[in-house]
Amino acid sequence: MTQLELKNHQVWRYLTEILEHFDANALVREHLEECDYKICGYWDEEDIYYEEIILPRTLESELVSSSIGITQKKRFLQFKFVLKAFAVDAIDQVRNNVQKIADLVLVYNENLEFVDENWLLDIDSPLLDVKRNH
């Protein structure tokens, strides 16, 4: 049996170079702007349905992982982000108290066309404007 060893293969260098020079945070900004910072139709971990959730526009994103997936017929890029927001002091208009409010996974095809999203929200965060259909 032949042992295949990829750790020193040139493909890893190419992929690393692409991902290092790629502005994944720009994808988050573009995605949030396209959806006007709103998530429509969200089910939380306790199967509670939220009609609409409005995200604060003071979000900062942090790329925590990126991966490339290959199936028989498709190739895709997946980026996982942590989204953080700052509470703004109403009196001094000063940003303080940074809070993690969400994990966001964005999936794109090999042409960098949007395919899918997956949200995990801190639904109890006071920084989210949550609307439930009662």
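Modeller: With a term: helices are DSSP runs of H or I with at least four residues, numbered from the N terminus. Keep in mind that this is a predicted model.

Colleague: Which helix holds Val 11?

Modeller: A helix here needs a run of at least four residues. The run in question covers residues 10–20, and Val 11 falls in it. The helix is α1.

Colleague: Is Val 11 buried, partly exposed or exposed?

Modeller: Buried means under 20% relative accessible area, and exposed means over 50%. Val 11 has a relative accessible area of 34%, so it counts as partly exposed.

Colleague: Which residues make the nonpolar surface patch with Val 11?

Modeller: A patch takes residues with over 30% relative accessible area, and Val 11 has 34%. The patch comes to about 250 Å². Beside Val 11, its members are Leu 6 and Trp 12.

Colleague: What pattern of helices and strands does the protein chain follow?

Modeller: The chain has 2 helices and 7 strands. Read along the sequence, the pattern is α-α-β-β-β-β-β-β-β.

Colleague: Is the chain a compact globule or more spread out, and what is its radius of gyration?

Modeller: For 134 residues the globule rule gives 14 Å, and the chain is well over that, so it is more spread out than a compact globule. Its C-alpha atoms fill a box of roughly 65 × 35 × 25 Å along the principal axes. The radius of gyration is 18 Å.

Colleague: What share of the residues is buried?

Modeller: The cut-off is under 20% relative accessible area. Of the 134 residues in the chain, the buried share is 29%.

Terms used: Residues are numbered from 1 along each chain as its sequence is written. This is a predicted model: local features need pLDDT of at least 70, side-chain atom pairs count only at pLDDT 80 or more; totals for chains, interfaces and linings use all residues. Side-chain values use heavy atoms; hydrogens and water are left out. Patches are made of residues with over 30% relative accessible area and no salt bridge: like charges are joined within 9 Å, nonpolar side chains (Val, Leu, Ile, Met, Phe, Trp, Tyr) within 5 Å. Accessible areas come from the Shrake-Rupley method with a 1.4 Å probe; for residues, only the protein chains shown count as cover. A salt bridge is a side-chain nitrogen of Lys or Arg within 4 Å of a carboxyl oxygen of Asp or Glu. Buried means under 20% relative accessible area, exposed over 50%, partly exposed in between (1.4 Å probe, protein chains only). The radius of gyration is taken over C-alpha atoms; the globule rule is 2.2 Å times the number of residues to the power 0.38.
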